[in-house]
Amino acid sequence: MSIPKEQSVKSSAQLLKRAERVDASFVGRPGVLGLDFSQPIYPVFAERARGAYVWDSDGNRYLDFILGFGSVVLGHADPRVDGAVRDELSSGIARSLHTPTQLRLAELLVDVAPGAEMVTLHRTGSDATGAAVRLARACTGRPYVLRWGYNGWHDWCAARPNGLPPGAQDCVRAFDYNDTAGLKALLDEVGDQLACVIMMPYEIEAPAPGYLAEVAELTRNHGGLFILDEIRSGFRLAPGGAQEHFGVRADLVTYSKAMANGYAVSAVTGTRDIMRHARRISCSSTFFRSSDAMAAAVATIDAIRGGGTTDVLWERGRQLMRGLAAAADDCRVPAGPVGLAPTPYLEFHYPSGEERRLAAEVFYATTLRAGVLFHPGHHWFVCEAMTSQDIDLAVRAAHAGFAAVAAAVGQR
């Protein structure tokens, strides 16, 4: 496979200079990656996207394994979803009242989400997780939240302390994944002040057999609600999400991302006796009623349930992971795929941190020049629009990347 020696990102660089003058989100973070690689120079601005591909502002085409950080599950600009949105927009936006589309989506979620009897609809993942925690506190009358994973950016779960008022996270404690003993100790420490345990079902490492069910049981035994944060996993592992795939039931579940194939909408689902407390909490927004994204969600969920999307995601992910493993082995590079097939990732196993950093930099520079957009610091995603030939392209790029790694690390 021929790998281009250079790739023009001149337009991206010019746009970035303009953005840094006026857009504070670019301060200290040039682009979506947030990494300090000297190479590669990742594209920053996308001109368009369709199917499994994205084109940057310089016209370079990439096979996209970032996929809107998992929000795109069918493929970019899927005609079923975009058509539903256009139809919805033709009836007007911000129609002041509730819409039939809102009701259709709520009924659909109750039908497809395991254990759901009622829902509330929101706009972002942080909206949903924040609403779920507030519901749990209102329902139990207790303050403490135990959490694992990335649950959003609001005060109660923000990763960075800057800008938070004193005490914002005094009633929030983090626990380690797949560590039941550590969670038991925290639960005993919190005692009868526990409102909820909220966690992602997994990030890269899969849950140990029975782990999620044990967390749910321990939480309920301590009088709290078990909240499963399915912002990433929902509608990706199975139509019923991680609950269906891992055979666990949560008291509240949060959804977003793949729920609407890139459109901004989120939801909290739960049993009627818990969800009735929604009227007792502050949780509203003008744009929670925007029906364009609701129409996208209805079309996306219908497509996932009826089109075999889940099987495609698992098949393409397994094909990619097999190819990565074989390519690394062929190049004698200590690396391999990790994670679940619909959300795979790659780890290098060199003994030193410097070797791992160099290996990653060389690998991602090479695959990027080959037209494959992998994220160096976040697990990847596959989508329904990816073909077997697309995965073959990605594996060939990865093989070139591993060959370059073997040469670069071996020269040290």
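Helix α4 (residues 100-112) meets helix α10 (residues 291-306) through Thr101, Gln102, Arg104, Leu105, Leu108, Leu109, Asp111 and Val112 on the α4 side, and through Ser291, Met294, Ala295, Ala297, Val298, Ile301, Asp302 and Arg305 on the α10 side. Contact means heavy atoms within 4.5 Å, and helices are DSSP runs (H or I, at least four residues) numbered from the N terminus. This is a predicted model, in which local features need pLDDT of at least 70 and side-chain atom pairs count only at pLDDT 80 or more, while totals for chains, interfaces and linings use all residues. Residues are numbered from 1 along each chain as its sequence is written, and side-chain values use heavy atoms, with hydrogens and water left out.

**Helix α4 against α10**
- The two axes (lines fitted to C-alpha atoms over the stretch in contact, with angles from 0 to 180 degrees between N-to-C directions) come within 9 Å and cross at roughly 35°.
- The α4 residues and their α10 partners comprise 9 nonpolar, 3 polar and 4 charged.

**Helix α3 against α10**
- The axes of α3 (residues 79-89) and α10 come within 8 Å, crossing at roughly 145°.
- From α3, Arg80, Val81, Ala84, Val85, Glu88 and Leu89 meet Ser291, Asp292, Ala295, Ala296, Ala299, Thr300 and Ala303 of α10.
- This contact has 8 nonpolar, 2 polar and 3 charged residues.

**Nonpolar, polar and charged classes**
- Ala, Val, Leu, Ile, Met, Phe, Trp, Tyr, Cys and Pro count as nonpolar, Asp, Glu, Lys and Arg as charged, and the others, Gly among them, as polar.

**Confidence**
- The pLDDT (the predictor's confidence in each residue, from 0 to 100) averages 92 over the chain, and 94% of the residues score at least 70.
- Over residues 1-5 the pLDDT is below 50, and this stretch has 9 contacts in the model beyond near neighbours in sequence.
- Where pLDDT is low, the predicted coordinates should not be read in detail.

Notes: Helices (H or I, at least four residues) and strands (E, at least two) are DSSP runs, numbered from the N terminus.
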